[in-house]
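Thanks for making time this morning; I would like to walk you through one structure, beginning with the overall fold and ending with a single residue.

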Amino acid sequence: MNPTATPERTLVLVKPDGVRRGLIGEIISRIESKGYSIVALRLMQADRAILEKHYAEHAGKSFFEPLIEFMLSGPIVALVVEGNRVIEGFRSLAGATDPTVAAAGTIRGNLARDQGTQVVQNLVHGSDSPDSAKREIDIFFAGVLIERNK
Ligand code: DAT
Ligand code: MG
């Protein structure tokens with residue numbers, strides 16, 4: 001273990017369902033309570049271009065258009081979160097994609113449920129790999145963040 005190693009960064013989004021339900025504070029609190037640092041934060045209305053770029057890996061899937069429409073349905077909060085192994089750690093805090101089966105104790109497991117919609121509404125996004133994190137941080141924070149740890 002090298003204590004001087006640069007901590008990892010991940011992109012977290014509080015999706016429109018999280019903002020609508022007043023869960024920004026609860027979600028940020030869980031991230032901070034775990035011990036991760038928030039190094040950038042932005043409340044914004046995303047546009048289609050940014051979302052199609054962010055979710056490019058899902059283009060062509062049946063839930064792609066519903067996913068884009070859902071993410072356009074209200075403001076989101078984008079955060080860059082930092083800490084050792086934060087990519088894996090935040091995905092663990094978030095829980096499984098499907099909130100019905102997400103473990104109790106996780107953000108999705110405790111706070112989300114099946115809404116009967118075409119796209120799963122599950123409150124948060126977290127990058128799934130270092131490459132995704134770099135790509136996604138560049139999309140939401142282009143020119144805002146210092147280059148460190150990219
Ligand atoms: P995650 O957000 O857990 O990384 P993902 O990247 O596979 O999941 O999918 C992005 C979002 O799309 C996900 O948070 C919810 C929605 N989604 C994924 N798979 C779906 C499916 N089979 N049906 C409906 N919505 C889905
Ligand atoms: Mg994903």
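Before I count anything, let me say how the elements are assigned: helices and strands are DSSP runs, with at least four residues of H or I for a helix and at least two of E for a strand, numbered from the N terminus. Please also keep in mind that what you see is a predicted model.

Turning to the overall dimensions, the C-alpha atoms fill a box of roughly 45 × 35 × 25 Å along the principal axes. The radius of gyration is 15 Å, which agrees with the value near 15 Å that a compact globule of 150 residues would have. Of the contacts with a separation of 6 or more, 74% are accounted for by residues 24 or more positions apart.

As for the surface, 47% of the 150 residues count as buried, while the accessible surface comes to about 7700 Å², with 51% of that belonging to carbon and sulfur atoms.

Let me finish with S132, which sits in helix α7, residues 130–140. Is S132 buried or exposed? Its relative accessibility is 14%, and because the cut-off for buried is under 20%, S132 counts as buried. The side chain of S132 also makes a polar contact, at 3.0 Å, with the side chain of S129.

How values were computed: Residues numbered from 1 in each chain as written. Chains lettered and ligands numbered in written order. Predicted model: local features only at pLDDT ≥ 70, side-chain atom pairs only at ≥ 80, totals over all residues. Heavy atoms only, no water. Rg over C-alpha atoms; globule rule 2.2 N^0.38 Å. Buried < 20%, exposed > 50% of the residue type's maximum accessible area, 1.4 Å probe, protein only. Contact = heavy atoms within 4.5 Å. Areas by Shrake-Rupley, 256 points an atom, 1.4 Å probe, with all protein chains shown as cover. Polar contact = N/O pair within 3.5 Å; in protein donor to acceptor, adjacent residues only side chain to side chain.
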